Amino acid sequence: DSLRLVLEKSKVCTKVVTPAFLRNILRQALQNGVVPLKRMCSFLLDYSLRDMKAEQRSMDLNGLPVLPLLNGFVGTLRVYNSEQVNTITELMSMGFAYSAAVFA
């Protein structure tokens, strides 16, 4: 944050991307088939969390492509509310696989 403040005060950098703006850009990019580089995921997730309180993080993080996967791809973070979790659990109890229950 101190680097950001120095850049803003010296007028070297006149515009700063906020964490909320970054979250929206990441979601829009994903809709257009663009995902961040795997090596950037940790930074993007960390920066996306900076303006959030713990209790609001869950749904605001839903849909962000920030999970580096072992196969080299980038995964999308999914967060489910309690109703969705109950539905997924119920479908799995009926014999559906987790992946099928999530997309049902």
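Reader: Start with Met52. What makes Met52 count as buried?

Author: This is a predicted model, and every value here is computed from it. Met52 has a relative accessible area of 7%. Buried means under 20%. The value falls under the cut-off, so Met52 is buried.

Reader: Where is Met52 found?

Author: In the loop between H3 and H4. Its C-alpha atom is separated by 15 Å from that of Val79, 27 residues apart along the chain.

Reader: Which residues does Arg23 touch?

Author: Ser48, Asp51, Met52, Asp60 and Leu64, not counting residues up to four places away in sequence. Arg23 itself is found in helix H2.

Reader: Arg23 is an arginine. How do you know that Arg23 counts as buried?

Author: By its number again. Arg23 has 7% relative accessibility, and the limit for buried is under 20%. So Arg23 counts as buried.

Reader: Why is the pair of Asp51 and Arg23 called a salt bridge?

Author: The side chains of Asp51 and Arg23 meet at 2.8 Å, N to O. A salt bridge needs an Arg or Lys side-chain nitrogen within 4 Å of a carboxyl oxygen of Asp or Glu.

Reader: What is Asp51: buried, partly exposed or exposed?

Author: Partly exposed, with a relative accessible area of 37%.

Reader: How many salt bridges does the structure hold?

Author: Two. Arg50 and Asp46 also meet in a salt bridge, at 3.2 Å, N to O. That is within 4 Å, so this pair passes as well. Arg50 is partly exposed, at 45%. Asp46 is partly exposed too, at 39%.

Reader: Now helix H3. Which residues of H3 are buried?

Author: Cys41, Leu44, Tyr47 and Ser48, in a helix that runs over residues 41-49. They cover an arc of only 140 degrees around the axis, which puts them on the same side of H3.

Reader: Why would residues three or four places apart point the same way?

Author: An α-helix has 3.6 residues a turn, so residues at that spacing point the same way.

Reader: What does the face of H3 turned away from the buried side carry?

Author: The exposed residues Ser42 and Phe43. The buried residues of H3 pack against helix H2 (19-31), strand E1 (67-68) and strand E2 (74-75).

Reader: What makes Ser48 buried?

Author: Its relative accessibility is 0%. The cut-off is under 20%, so Ser48 counts as buried. Leaving aside neighbours within four places in sequence, Ser48 is in contact with Pro19, Leu22, Arg23, Leu26 and Leu64. A polar atom of the Ser48 side chain also lies 2.7 Å from the backbone oxygen of Leu44.

Reader: And Asp60: what makes Asp60 partly exposed?

Author: Its relative accessible area is 29%. That lies between 20% and 50%, so the label is partly exposed. Asp60 lies in helix H4. Its contacts, leaving aside neighbours within four places, are Arg23, Arg27 and Met52.

Reader: Last, the whole protein. How many helices and strands does the protein have?

Author: Six helices and two strands. Along the sequence the pattern is α-α-α-α-β-β-α-α.

Reader: How do you know that the protein is more spread out than a compact globule?

Author: Its radius of gyration is 17 Å. The globule rule gives 13 Å for 104 residues. The value is well over the rule, so the protein is more spread out than a compact globule. The C-alpha trace spans about 60 × 30 × 20 Å along its principal axes. Of the 104 residues, 22% count as buried.

Terms used
Residues are numbered from 1 along each chain as its sequence is written. This is a predicted model: local features need pLDDT of at least 70, side-chain atom pairs count only at pLDDT 80 or more; totals for chains, interfaces and linings use all residues. Side-chain values use heavy atoms; hydrogens and water are left out. Buried means under 20% relative accessible area, exposed over 50%, partly exposed in between (1.4 Å probe, protein chains only). Helices (H or I, at least four residues) and strands (E, at least two) are DSSP runs, numbered from the N terminus. The arc is that of the directions from the helix axis to the C-beta atoms. Contact means heavy atoms within 4.5 Å. The radius of gyration is taken over C-alpha atoms; the globule rule is 2.2 Å times the number of residues to the power 0.38. A polar contact is a pair of N or O atoms within 3.5 Å; within protein, one must be able to donate a hydrogen and the other to accept it, and residues adjacent in sequence count only if both atoms are side-chain atoms.
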